[in-house]
Amino acid sequence: MSDLLALCYHAVSDRWPAALSVTPVALERQLARLARRGYVGTTFSALVADPAPRQRTVAITFDDNYRSVLEVAKPILDRHGFPGTLYVPTDWVGEARPMSWPGIDRWVGTEHEPELCSLTWDELRGLDAAGWEIGSHTCSHPHLTEVDDAQLAHELRSSKAMIEAELGRACTSLAYPYGDWDERVHTAAHEAGYAAAGTIPRMLYPARPLVWPRTPIFHVDTQLRFTLKVSRTVRRLRARPRVVALAQRLPGL
Ligand SMILES: [Zn+2]
């Protein structure tokens, strides 16, 4: 049965209590369930390029370039034969300073600050060689709907160019920081040469290649919540306006 599932993770840690971090045990259980259900893994670009596969297909994406994606998540994905897709904000790649922007800056200066460290270009090349997709998460991780046209073009084009120069292959995949987009941002992404871009909507909506809804998975997602979130029936219901009110009473679902 054809079914496309795009998931959005961030960090994977058994110590970091951040909302955007899931534990290794939770990730293992979640991926094991998908494997049992017959999902085949692919990259985000490949998923968007083939919207009618003959089998259940999942793209497991990670936003922000946390070091734990390589050190903790990748071995778990490897066990299940799933490739990953990693979206990196290029200003921090290989930098010693922690990633920091509104939302994660509260962890800077705490015992969890090392969780905010980025992978290096060498490490990203290793992921690329292992079949992962490396996409752009802009340069500086702004709300793209709030920047002017010049910065919007810079964020989309410079990050893409840097990834292409460092990896030696085309970068046509993007994740909007905070899942934040509007039609101006959509047009700019198209003009910058992207072919696939992921969002993180509260309500699912029909997918377009540059506005492709991903299902976010967070720290609070128990196995039951995960099972509901990835359920094809629930995902179809979430795309119907009539269930907006119900979905809003189930935060995070
Ligand atoms: Zn992000």
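Strand β5 (residues 56–63) pairs with strand β6 in the parallel sense, over four bridges. This is a predicted model. Within the pairing, F62 has L86 of β6 as its bridge partner. Between the two strands the chain passes through helix α3 (residues 67–80). This β-α-β crossover is right-handed.

Now follow β6 to its other partner. Strand β7 (residues 133–136) runs parallel to β6, and four bridges join them. Here Y87 has G135 of β7 as its bridge partner. The chain gets from β6 to β7 through helix α4 (residues 121–129), and this β-α-β crossover is right-handed.

How covered is β6 itself? Strand β6 spans residues 84–88, and five of its five residues are buried. In a regular strand, side chains alternate between the two faces of the sheet. On one side of β6 lie G84, L86 and V88. On the other lie T85 and Y87. Both faces are covered.

Helix α4 also packs against helix α5 (residues 149–167). Their axes are 10 Å apart, at an angle of about 75°. That makes α4 roughly perpendicular to α5, because angles of 65 to 115 degrees count as such. From α4, the contact uses W121, R125 and D128. From α5, M162, I163, E166 and L167 take part. Which kinds of residue make up this contact of α4 with α5? Four are nonpolar, three are charged and none is polar.

How values were computed. Residues are numbered from 1 along each chain as its sequence is written. This is a predicted model: local features need pLDDT of at least 70, side-chain atom pairs count only at pLDDT 80 or more; totals for chains, interfaces and linings use all residues. Side-chain values use heavy atoms; hydrogens and water are left out. Buried means under 20% relative accessible area, exposed over 50%, partly exposed in between (1.4 Å probe, protein chains only). Two strands pair if DSSP finds at least two bridges between them. A crossover is right-handed if, with the strands pointing away from the viewer, the path from the first strand over the helix to the second runs clockwise. Axes are lines fitted to C-alpha atoms, for helices over the stretch in contact, and angles run from 0 to 180 degrees between N-to-C directions. Angles under 35 degrees count as roughly parallel, over 145 as roughly antiparallel, 65 to 115 as roughly perpendicular and the rest as oblique. Contact means heavy atoms within 4.5 Å. Ala, Val, Leu, Ile, Met, Phe, Trp, Tyr, Cys and Pro count as nonpolar, Asp, Glu, Lys and Arg as charged, and the others, Gly among them, as polar.
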